[in-house]
Amino acid sequence: MNEQSSVPQRLGKSDRTMHLLSATSGGADIVAFLKFHMVFTSAMTGNLALFGIAVGQGRLLSATHSLAALLGFIVGIALGSMWKEHLYGLRILLCIETFFLGIYALVWMLVGFPGDGVLLYVLIMASALSMGLQSVAARLINVAGVPSVVFTNTLTSIVITFVENLRKKRPLPFAWRQQLAALFAYLVGAILFAFFLFRIPVLAMVLPVFLVGIALLSHWKSTRAGSD
């Protein structure tokens, strides 16, 4: 029993799936903020703040952009809630998210980044809806309480755990490593998408489909292996 407990834990398939989703979330926020008139489609706390700023300053058109992201995210959560109890709930959620990210990429490839109009709202809502779905999917994956779309609580937990274990001279728990790795994946996603957005814009719009698609494929293989 003691020998088994001393074996170091390693990041597994669930962690890698979470890393892919976290990177996608970081990219979604970067693209939305830089190209969709300063909104967030993943970080709803920041999006609510931007909505409040726009309303407070009387910039009602800008407020509708943030409102579209908020509504899209809520619809994504509601849609995800309908499937989360299903036997293959995670697989279904990732499939639906991939579909909406595909719409997101297709609209961009057909019209580019619209400055305003209906297509701008389509892109905002498709991205936000995908992130809402992803937030539900992250709960099903359930890696150390990491939500994959909002990292304020995760950062708080990382710092508190680090300080407490340092003060009490205890080793850091494995969940701390999982949270830190997911946060790092979000940061890497934000950096990569910012780079692609200005150097190879098509990658910034198409890559989310592939990242979530890889997560779906990985989960699909693991569930099939478990059923064999």
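In the predicted model, helix 2, which spans residues 13–35, packs against helix 6 at an angle of about 155°. The axes of helix 2 and helix 6 lie 11 Å apart. Angles over 145 degrees count as roughly antiparallel, and helix 2 and helix 6 are therefore roughly antiparallel to each other. On the side of helix 2, the contact is formed by Ser14, Thr17, Met18, Leu21, Ser22, Thr24, Ser25 and Ala28. Helix 6 contributes Ser127, Met131, Gln134, Ala138 and Ile141 to this contact. Sorted by class, the residues where helix 2 meets helix 6 comprise 6 nonpolar and 7 polar ones, with no charged residues.

Helix 6 (residues 118–141) also packs against helix 5 (residues 89–111). The angle between helix 5 and helix 6 is about 160°, and their axes are 9 Å apart. That angle makes helix 5 roughly antiparallel to helix 6. The crossing of helix 5 and helix 6 is left-handed. In the contact of helix 5 with helix 6, 21 residues are nonpolar, 4 are polar and 1 is charged.

A further packed pair consists of helix 3 (residues 44–56) and helix 4 (residues 60–83). The axes of helix 3 and helix 4 come within 8 Å and cross at roughly 155°, which makes helix 3 roughly antiparallel to helix 4. The crossing of helix 3 and helix 4 is left-handed. From helix 3, the residues that meet helix 4 are Met44, Asn47, Leu48, Leu50, Phe51, Ala54 and Val55. Their partners in helix 4 are Leu60, Ser62, Ala63, Ser66, Leu67, Ala69, Leu70 and Phe73. The contact of helix 3 with helix 4 holds 12 nonpolar and 3 polar residues, and no charged residues.

Taken as a whole, the protein chain contains 9 helices and 0 strands. The order of elements from the N terminus is α-α-α-α-α-α-α-α-α. The radius of gyration of the protein chain is 19 Å, close to the 17 Å that the globule rule gives for 228 residues, so the chain is as compact as a globular protein of that length. Along the principal axes, the C-alpha atoms of the protein chain fill a box of roughly 65 × 45 × 35 Å.

The average pLDDT of the protein chain is 86, and 93% of the residues score at least 70. Among the elements of the protein chain, helix 4 has the highest mean pLDDT, at 93. The lowest mean pLDDT, 42, belongs to helix 1 (residues 2–5). The pLDDT is below 50 over residues 1–7. Beyond near neighbours in sequence, the stretch of residues 1–7 has 0 contacts in the model.

Terms used:
Residues numbered from 1 in each chain as written. Predicted model: local features only at pLDDT ≥ 70, side-chain atom pairs only at ≥ 80, totals over all residues. Heavy atoms only, no water. Axes fitted to C-alpha atoms, helices over the stretch in contact; angles between N-to-C directions. Helix = DSSP H or I, 4+ residues; strand = E, 2+ residues; numbered from the N terminus. Parallel < 35°, antiparallel > 145°, perpendicular 65-115°, else oblique. Left-handed = near helix turned anticlockwise from the far one by under 90°. Contact = heavy atoms within 4.5 Å. Nonpolar A, V, L, I, M, F, W, Y, C, P; charged D, E, K, R; others polar. pLDDT = per-residue confidence, 0-100. Rg over C-alpha atoms; globule rule 2.2 N^0.38 Å.
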